[in-house]
Structure formats: structure tokens, C-alpha cells
Amino acid sequence: MSLAEERVAILGGTSGIGLATARLLALAGARVIVAGRDAAKLERALAELPEQCEGACVDATDRAALDRLAAALGRIDHLVLALAAGGGAGSFRDLDLGALRRVVEGKAWAFLEALQALLPTLRGDGSVTLVTAATARAAFPGTAGIAFNNGALNAIVPPLAVELAPLRVNAVCPGVIETPIFARWPEAERERFFARARAAPLGRPGRPEEVARAILFLIEDPYVTGATLEVDGGMRLTGAPRPAR
Ligand SMILES: NC(=O)c1ccc[n+]([C@@H]2O[C@H](COP(=O)([O-])OP(=O)(O)OC[C@H]3O[C@@H](n4cnc5c(N)ncnc54)[C@H](OP(=O)(O)O)[C@@H]3O)[C@@H](O)[C@H]2O)c1
């Protein structure tokens, strides 16, 4: 399947995994629309993307803004949801649940709003790819909040794949990927995650381009739906040490 002339919207397409995906899809001939909240970040992203790419400023936590985006977009063939407010890591006993609620509103809930708002614009046999997280399918201490946020998204993939067919619905679950998201993390928490990536079978954090290749695969393969694909260097397979009691 060729992506030539196909239109792909990437919410969270102005940085990290979303931006790498935009680059790869544009190289494959797609007409990519990248979206994010920050106008300056959007400008920088568009400056480095091929000229067939367009941009939109939208906050995916704002349903009215998403509805306006849907009306402005016209028909799209594929949707990639790669946005995140970030956060949610830390020991469950001390987790600030008010803060976690905002993190979930900034990702899982925003994904639901974005998907529902943009569904009418999607080609009937196009695709949706959710960027979730491999930690939702592992058992590392200090990741219950992240698992809650991303596990909810992984859980909707199979029922939506059946309900919305022939639209295909898949998820990609990144491990620890070097992107600007970690600049917003406390140093000690970031180091804990990077240490897990170094302890994984492939021994290093991933690159945004490596997740982008998996997203390209899920968009292109017309026989894959309801799938949840880890791109984590095998991190989920490694044992997590039990915390001291
Ligand atoms: N990097 C990792 O190790 C890792 C691991 C597992 C899962 N993930 C997931 O992968 C996805 C991409 O993460 P990343 O590492 O590439 O992060 P990133 O570099 O920080 O990019 C996040 C993108 O989301 C946009 N965004 C954030 N909130 C938004 C909102 N409310 N509405 C619209 N756009 C919004 C950001 O632009 P603005 O700030 O301008 O809005 C930016 O384009 C996220 O869902 C993240 O949870 C990442």
C-alpha cells in the first residue's frame, strides 16, 4: 500500500514521536497535518517538515476546539494520536491523585475526545493509531499512574477495532524513548526510567524514529487491526526489583 496523497492527521505531531512519524509518513508520500497547542513549536516543526505538510494549533483537551479542527480538516485517511501532558510516575502510596487526574485528562481523556471528534472525518476503511506506553503492559514499581492512563487506552483498542471496522484501530506502546518529554521530568525519575531501558535486552533507550516505523507499519498494513505493538527494546520482559519493605 502506498501513502501517496493520503492525508494523515497527527495530534501531538510537533515534537518527539509524533514529529518523527510526520517526517517518515511525509517521506512515504503522505500529506501530513501536525497539531499541537504551542504555535511557536508548530512553526518550528513545519519548518523542518517537507512542504506538503500542514499544521493546526489545537488543545486536545478542548472539545469545541477539536470539533472546529474536524470541520476545518475535511476528509482524512488516517489518524495518529501522539499527544501527552506527561507525568503520572511515582510511588503509588505518595501519588498525588489530583495531579494524576489532570495527567489522565491530558492524555487518555483527550484521546477519547479527539477520536470521537475526528471520527466523522476519517475514511471508513482508514486507520487510527494510539500511542500508549509499554509500562502499561509491564510491572515496574512506580508506574501504576502511567499504567492507569495508558492501560485504559490499550483496553479500548479491541472493542473499537470490532465496532468501527472496516476502520482499523491499533496501538503502539513505546518503552523509554529519547524525546523532549523527559525534559519536564524530575531528574531522579528520569534516571530510573533510563536505567530500565539500559537493563532491557536491547540495552538502550529508543529513538523516536524507531517508534515512527512501527506506526508506519500499522497505518500501511491493511490486515492489522486490534493490535497493540510494543516498541520498547524488550524492556517489559525484564524483571522489576521488588521494593524494600
Ligand atoms: N518518550 C517516551 O519515552 C514515551 C514512552 C511511552 C509513551 N510515550 C507517549 O508517546 C506520546 C508522544 O510522546 P513524546 O515523548 O513524543 O512527547 P513530546 O516530545 O513531549 O511530544 C508531545 C506532543 O504532544 C503535544 N501535546 C501535548 N498536550 C497536547 C494537547 N493537550 N493538545 C494537543 N497537543 C498536545 C505537544 O505539543 P504542545 O506542547 O505544543 O501541545 C507535542 O507535539 C505521548 O502520548 C507519550 O505519553 C512516550
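**Exercise 1. Where in the chain is Pro166 found?**

Solution. Pro166 sits in the loop between helix H6 (144-163) and strand S6 (168-174). Helices here are DSSP runs of H or I with at least four residues, strands are runs of E with at least two, and both are numbered from the N terminus. Next, look at the peptide bond: Ala165 and Pro166 are joined in cis, with omega about 10 degrees. For background, most peptide bonds are trans, and most residues other than glycine have a negative phi.

Before you go on, two notes on the model. It is predicted, and local features need pLDDT of at least 70, side-chain atom pairs count only at pLDDT 80 or more, while totals for chains, interfaces and linings use all residues. Residues are numbered from 1 along each chain as its sequence is written.

**Exercise 2. Work out which residues of helix H3 are buried, and how they are arranged.**

Solution. In H3 (residues 63-73), the buried residues are Leu66, Leu69 and Ala70. Looking down the axis of H3, these fall within an arc of 100 degrees, so they line one face of the helix. The arc is taken over the directions from the helix axis to the C-beta atoms. An α-helix has 3.6 residues a turn, so residues three or four places apart point the same way. Ala64, Ala71 and Ala72, on the other side of H3, are exposed. The packing partners of the buried residues are strand S2 (31-36), strand S3 (54-57) and helix H5 (108-118). Just after H3 comes Gly74, with a positive phi of about 75 degrees.

**Exercise 3. Check the length of helix H7 and find its buried side.**

Solution. H7 (residues 187-198) has 12 residues, which at 1.5 Å a residue should span 16 Å, and its end C-alpha atoms are 16 Å apart, so the two agree. The expected span is 1.5 Å times one less than the number of residues. Phe193, Arg196 and Ala197 are buried in H7. Their arc around the axis is only 105 degrees, which puts them on the same side of H7. Glu187, Ala188, Glu191 and Ala195 are exposed on the other side.

**Exercise 4. Trace the strand partners of S4.**

Solution. First, S4 (residues 76-81) runs parallel to S1 (residues 7-11), joined by four bridges. Leu11 stands opposite Leu81 in this pairing. Second, S4 pairs with S5 (residues 122-131) in the parallel sense over five bridges. His78 has Ser127 in S5 as its bridge partner. Strands count as paired if DSSP finds at least two bridges between them.

**Exercise 5. Find the surroundings of Leu42.**

Solution. Leu42 is part of helix H2 (residues 39-48). With 20 other C-beta atoms within 10 Å, Leu42 is buried. Leaving aside neighbours within four places in sequence, Leu42 is in contact with Thr14, Gly36, Gly55 and Cys57. Contact requires C-beta atoms, placed from the backbone, to lie within 7 Å.

Key
A residue is buried if 20 or more other C-beta atoms lie within 10 Å of its own, exposed if 12 or fewer, and partly exposed in between; C-beta atoms are placed from the backbone. Two residues are in contact if their C-beta atoms, placed from the backbone, lie within 7 Å.
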